[in-house]
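Subject: Structure for your review

Dear colleague,

Please find below the structure that I am handing over to you.

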Amino acid sequence: MKKIFSRENIPFFLQNQQLRLLALVIVGLSLITLVTGYLMNWIFGTVVLVLIIMAGFMSYNTLIELSSSANEYISDLSYRIKRGEQEALIQMPIGVLIFNEDQSIEWVNPYLQRYFGNQDVIGYRLEDIDEELAAAVSANLETPATIRWQDYQFDLRVQQSTNTLYLMDVTKYAELSDQFEAEKLVIGQIFLDNYDEITQSMADTDISNLNNYVTNELSKWTQMFGMYLKRLDDDHFFLLGYASSLQRVEANKFRILDRIRESTSKQNFPLTLSIGIAYGERNMNTLADLAQSNMDLALGRGGDQVVVKAEDEPARFYGGKTNPMEKRTRVRARMISQTLQELMNQSDQVFVQGHHQPDMDAVGACLGIRRIAEMNGKQCWIVLDEQNLHSDIQRLLDQLKADEKIEAAIISPAEALEKATDQSLLVMADHSKPSISMSQELYERLENHVMIIDHHRRGEEFPENPVLVYIEPYASSTCELITEMFEYQSHDAEPINKIEATAMLTGIVIDTKSFSLRSGSRTFDAASYLRSAGADSLLVQQFMKENVDSYLQRNHLIESVEFVNQDMALCVGENDQVYDPVTAAQAADSLLSMSGVDASFVVTRREDGRIGISARSLGEINVQVYMEELGGGGHLSNAATQIEGQSVEAVKQTLIDLLTAPDDDKKPESN
């Protein structure tokens with residue numbers, strides 16, 4: 001009985017609740033009509049009964065026919081859906097591959113089979129059939145990805161619950177996407193670094209020939225790579241191109257810089273280029289501003305190089321192979337000095353700070369800025385953390401105690417934060433990276449009132465809104481730059497005193513290795529001025545003396561010397577031994593005095609746990625480029641970096657791999 005009245009044997013119209021309710025209503029009305037008919041007249045009632053039976057029989061047959069038709073329709077639709085699913089699985093333009101727990105292929109649809117050709121794949125492991133596809137699948141088991149396989153691009157998805165692999169050919173759409181990316185605009189600016197200096201003593205005919213040569217060379221270069229060039233003035237060009245052109249130019253490593261420099265050098269007027277290129281932005285105004293910023297970065301690093309950068313992406317540098325040419329003039333020094341006076345007069349007080357673990361150049365520069373502020377009637381605070389100072393700085397501080405004004409002006413970073421106001425001026429001396437400032441918190445407090453005075457090449461990290469920037473990479477030291485400013489201060493004010501002049505002269509002597517490196521005529525002029533101001537050469541030697549521990553540590557490092565590429569010396573300290581950064585730098589300097597050493601690298605663990613690398617060269621090898629690739633920077637012949645979270649041995653191996661990698665851009669050419 002249960003089987004007879006099971007749901008499958010009940011007509012579909014009785015399986016619907018609304019239809020069942022309608023049927024009950026009709027039956028109820030029929031019974032009422034029938035009873036009423038018999039009460040009125042039995043003959044009338046009999047007629048009604050016959051009519052009800054006939055109508056019920058006809059309705060039931062009609063509903064049965066409808067039910068049968070509906071069941072046939074549903075069965076046919078279900079069959080067609082299942083058949084469609086099966087045919088779609090076999091014929092749809094999506095590759096489907098099913099594998100078992102052993103990674104053996106159990107089934108592959110015809111669409112995917114054609115990519116394997118006539119090769120039999122059933123029963124074989126995917127890695128045995130195609131290692132490239134197997135590697136792509138293994139690398140993207142968790143998340144969907146786009147892969148390249150057999151010169152096609154596929155959207156790859158792996159359904160691990162059913163061991164099913166899906167591959168959709170998206171080559172057409174990928175090509176459209178690649179074309180869109182390749183046709184994005186890039187904007188560049190080209191600047192002739194030393195055009196004014198070279199042409200000021202040239203005849204008009206020679207200047208015209210030089211202009212024609214440069215324009216022709218740049219035009220041929222841009223036409224070769226499908227870019228547009230427009231000369232804006234004598235030393236400035238505008239560049240427009242596509243991202244695809246930029247890729248080709250980067251692959252060529254901007255050889256145009258070498259070609260123009262080498263050709264003009266043979267004619268005794270070496271001309272260098274600086275190029276800033278921006279990409280990745282759809283807003284043309286933003287792109288143009290970024291191109292200008294990139295060119296400023298190239299010029300701030302000394303010129304003769306290219307900076308390629310997109311918004312919020314690290315910059316890529318090309319060139320920078322020559323020592324920066326001295327383009328600083330007395331006029332520029334006077335303008336900077338006057339602007340600094342105006343900034344100080346607009347401020348209620350001045351703060352000056354060097355970098356972490358300051359050297360004599362940084363501290364001497366701070367003393368010089370303090371004296372300039374005093375000449376202009378402004379209170380200047382020297383921000384200095386007196387913990388873990390090197391012996392030469394400690395000896396200087398001991399000498400400064402004899403001057404009550406200077407001693408009172410030296411404050412800690414915490415005191416500086418308490419004293420700072422919205423009208424205060426911060427001078428960053430001997431560095432331009434906020435992350436290595438003596439007090440990064442003070443920089444953040446006064447980030448809209450910051451001046452930078454530095455002689456290192458500008459790096460990618462740089463204050464966003466400095467009020468004044470004086471970066472001269474070709475200067476010997478920051479003390480040299482500040483010394484030149486004294487000539488343009490009021491002569492009625494108290495001049496620089498003996499201890500300040502001695503400290504600044506010591507900074508110049510140390511940074512130039514006793515005037516043997518990076519020393520120009522302006523360097524000797526600055527040293528002469530400081531000597532005339534009372535700088536004591538004997539006290540300079542006293543500041544430069546090493547203590548016994550430092551001397552022994554330096555010699556211990558030099559004992560571990562090994563050679564890389566025959567002309568590069570490498571010293572590595574023990575992983576569990578802490579070395580003073582100044583000791584490591586002195587060891588690197590000492591190695592340059594050895595025969596056959598053109599560059600030196602010293603790797604040591606610092607007190608803060610980071611691994612430091614001090615790099616030096618005689619100018620034939622660009623150590624700055626190496627250090628920048630490891631996150632540092634500096635000069636072409638004097639650079640450094642610090643690396644976190646690695647051992648000394650790991651950093652050593654990374655450095656050796658970098659030094660031995662073939663790259664012609666690391667070796668500069670002389671002017």
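A residue is called exposed when its relative accessible area is over 50% and buried when that area is under 20%, with partly exposed in between. Please note that the model is a predicted one.

Overall composition

The protein contains 26 helices and 23 strands. It has 671 residues, of which 46% count as buried.

Helix H21 comprises the 12 residues 521–532. At 1.5 Å a residue it should span 16 Å, and its end C-alpha atoms are 17 Å apart, which agrees. Which residues of H21 are buried? They are Arg 522, Thr 523, Ala 526, Ala 527 and Leu 530. These residues cover an arc of only 140° around the axis, and they therefore lie on the same side of H21.

Just after H21 comes Gly 534, which takes a positive phi of about 110°. In the loop between helix H20 (498–511) and H21 one finds Ser 514. Ser 514 also has a positive phi, of about 60°, although it is not a glycine. With a relative accessible area of 48%, Ser 514 is partly exposed, because the exposed class begins over 50%.

Phe 254

A positive phi in a residue other than glycine is found at Phe 254 as well, where the value is near 50°. Phe 254 belongs to the loop between helix H10 (243–251) and helix H11 (256–266). Is Phe 254 buried or exposed? Its relative accessibility is 2%, so Phe 254 counts as buried.

The packing of H14 and H19

Two packed helices are described by the angle between their axes and the distance between the axes. For helix H14 (residues 360–375) and helix H19 (residues 478–485), the angle is about 15° and the axes are 8 Å apart. The two helices are therefore roughly parallel to each other, since angles under 35 degrees count as such. Their crossing is left-handed. On the H14 side, the residues that meet H19 are Met 360, Asp 361, Gly 364, Ala 365, Gly 368, Ile 369 and Ile 372. Their counterparts in H19 are Thr 478, Cys 479, Ile 482 and Met 485.

Two further residues

Ser 439 is located in the loop between strand S15 (425–429) and helix H18 (440–445). Its relative accessible area is 1%, and Ser 439 is therefore buried. What does Ser 439 contact, leaving aside its neighbours within four places in sequence? The residues in contact with Ser 439 are Gln 353, Val 383 and Pro 413.

Thr 33 is part of helix H2 (residues 17–40). Thr 33 is partly exposed, at a relative accessible area of 42%. Between the C-alpha atoms of Thr 33 and Ile 52 there is a separation of 9.3 Å, and the two residues are 19 residues apart along the chain.

Yours sincerely

Notes:
Residues are numbered from 1 along each chain as its sequence is written. This is a predicted model: local features need pLDDT of at least 70, side-chain atom pairs count only at pLDDT 80 or more; totals for chains, interfaces and linings use all residues. Side-chain values use heavy atoms; hydrogens and water are left out. Helices (H or I, at least four residues) and strands (E, at least two) are DSSP runs, numbered from the N terminus. The expected span of a helix is 1.5 Å times one less than its number of residues. Buried means under 20% relative accessible area, exposed over 50%, partly exposed in between (1.4 Å probe, protein chains only). The arc is that of the directions from the helix axis to the C-beta atoms. Axes are lines fitted to C-alpha atoms, for helices over the stretch in contact, and angles run from 0 to 180 degrees between N-to-C directions. Angles under 35 degrees count as roughly parallel, over 145 as roughly antiparallel, 65 to 115 as roughly perpendicular and the rest as oblique. A crossing is left-handed if the near helix is turned anticlockwise from the far one by less than a right angle, and right-handed if clockwise. Contact means heavy atoms within 4.5 Å.
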